[in-house]
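Hi everyone, thanks for coming. Today I'd like to walk you through one interface, so let me put it on the screen.

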Amino acid sequence: MFRNVAELVELATSRNTKISEIMIEQEIEVTGRTREEIIAMMDRNLLVMEQAVERGIQGVKSHSGLTGGDAVLMQEYIKKGNFLSGETLLDAVSKAVATNEVNAAMGTICATPTAGSAGVVPGTLFAVKNKLNPTREQMVSFLFTSGAFGFVVANNASISGAAGGCQAEVGSAAGMAAAALVELAGGTPEQCAEAMAITLKNMLGLVCDPVAGLVEVPCVKRNAMGAANAMVAADMALAGIKSRIPCDEVIDAMFKIGQSMPSALRETAQGGLAATPTGRELEAKIFGIPLTKQ
Amino acid sequence: MKYKSVFDIIGPVMIGPSSSHTAGAARIGRVARSLFGREPKWVNISLYGSFAKTYRGHGTDVALIGGLLDFDTDDPRIIKAIDLAEAKGIKLRFIEEDAVTDHPNTARVIIGDDKGELELVGISIGGGKIEITELNGFELKLSGHHPAILVVHNDRFGAIANVANVLASHQVNIGHMEVSRKEKGKMALMTIEVDHNIGQDILDEIEKLPNILKVTKIVD
């Protein structure tokens, strides 16, 4: 059983196999389920993700009216062809947004690792699908690789916004996606870890400050940028760029930053964007509370 | 290791918008329902920390009630759970508490009917995963690392040995076990963590033993 990223990479490298394979084998050992059962369970999660992306890029609207429709706007913008960054990157942004817009509308999603950060992993996967043409099996493997890195973060730091801020949610999701992108693109286990480290380093300190306590503002757009961050970090790792701080130490830093974050910035809607004049106005409007009572 | 399965990370499949505040809350409600064994007539829920501050926005209240109506995290009926419960005549009360708890996402669920009541404290630790820290005044120290069952029983000789025998006969190894009681000879609680998942058949077999009142699986 691996306890940290170093052990995970060492296991995969010494046995000349992929991170996803190590995760599957560990799951068999821990749960006693067969490989076929485990793959079928993950395939079901993949299907839920696919349906959420499809629903989101058709356009949804949340009950509060705060979010919805941005995935559509981005798809239309991509079609016009005059974008500045890149098509795959923007497609990932659109699909990450799509998933979170469905989540905000109380639709069905698969938490990866949480619901508030559910857009990043599927967003990047379904964007690179058009470029890399993965088999269904490779797409399922993508989720196992993401899961392996998320597993380390969850056990050694946190994946809860209430405990560790948004860095623990979208930050973790982006790191997981970056690592899985590298494996899918043919990178080494070591490069997966570099991609995770590079991504997470750039998410450190991100606070959880949802307006009105809703998983909408700024969560949906943070998923967009988490996906973009993951794509760029994956390319950096594949280019051979390394993180000066080892991945496990970055995760540890994230944990300690989360511990020292004030409660107002950990999913209580008491600080940050939630406490801005506009944030407060939106909250008052949605819940019908006079501003003076807040 | 708090998380042991890849499906704690990639999953659960759930109704949005928050894994800890919606899916986790639904699971806390469902454990309470499962331990109570029937639909309650009234529900009092105290919310602490982030739960107290943001429950309306996250649908924590509807999710807890959804769980109490025995809905799973991906059941679309969760969205309408409060309306459904009220239509059934269940009395609901939510209390926003100021007290600071060990974990920011804590809920105290007290449910009951004319035959009895149940009180449970649950925490939602992230990604939809929960831990139960208190049941009817019994403090639980469940690590959440392993599959676990709760056995409510009469405090009589042999009750513990009988449960251990059933587990042994199915080759289930006990990793950690605690027994607590409030008063000698009255109701007691066994908390048993095992190494492998336990099927419903084993739970049913334990429940049929003398002096065993209720068996519930709380961690998969």
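**Where chain B meets chain A**

Let me begin with a charged pair: D74(B) makes a salt bridge with R44(A), and their closest N and O atoms sit 3.1 Å apart. Please keep in mind that this is a predicted model. The count of salt bridges between chain B and chain A is one. For polar contacts, the count between the two chains is 15 residue pairs, with both residues at pLDDT 80 or more.

Which parts of chain B supply the side that touches chain A? β1 (13-15), α1 (19-36), α2 (49-58) and β5 (116-126) of chain B each give at least two residues to that side. The largest share comes from α2(B), with six residues. Sorted by class, this side of chain B has 15 nonpolar, 15 polar and seven charged residues.

Now for the strands. Strand β1 of chain A, residues 108-110, is joined to β1(B) by three bridges, and the two run antiparallel. If you'd like a pair to find on the screen, take I109(A), whose bridge partner in β1(B) is M14(B).

Finally, the overall numbers. How many residues does each chain bring to the contact? Chain A brings 51 residues, and chain B brings 37 residues. Between them the chains bury about 3,500 Å², with 65% of that on carbon and sulfur atoms. On the chain B side, F7(B), I9(B) and I10(B) supply 20% of the area that chain B buries against chain A, more than any other three residues.

That's my tour, and I'm happy to go back to any part of it.

How values were computed: Residues are numbered from 1 along each chain as its sequence is written. Chains are lettered from A and ligands numbered from 1 in the order in which they are written. This is a predicted model: local features need pLDDT of at least 70, side-chain atom pairs count only at pLDDT 80 or more; totals for chains, interfaces and linings use all residues. Side-chain values use heavy atoms; hydrogens and water are left out. Contact means heavy atoms within 4.5 Å. Buried area is the accessible area (1.4 Å probe) that two parts lose on being put together, summed over both. A salt bridge is a side-chain nitrogen of Lys or Arg within 4 Å of a carboxyl oxygen of Asp or Glu. A polar contact is a pair of N or O atoms within 3.5 Å; within protein, one must be able to donate a hydrogen and the other to accept it, and residues adjacent in sequence count only if both atoms are side-chain atoms. Helices (H or I, at least four residues) and strands (E, at least two) are DSSP runs, numbered from the N terminus. Ala, Val, Leu, Ile, Met, Phe, Trp, Tyr, Cys and Pro count as nonpolar, Asp, Glu, Lys and Arg as charged, and the others, Gly among them, as polar. Two strands pair if DSSP finds at least two bridges between them.
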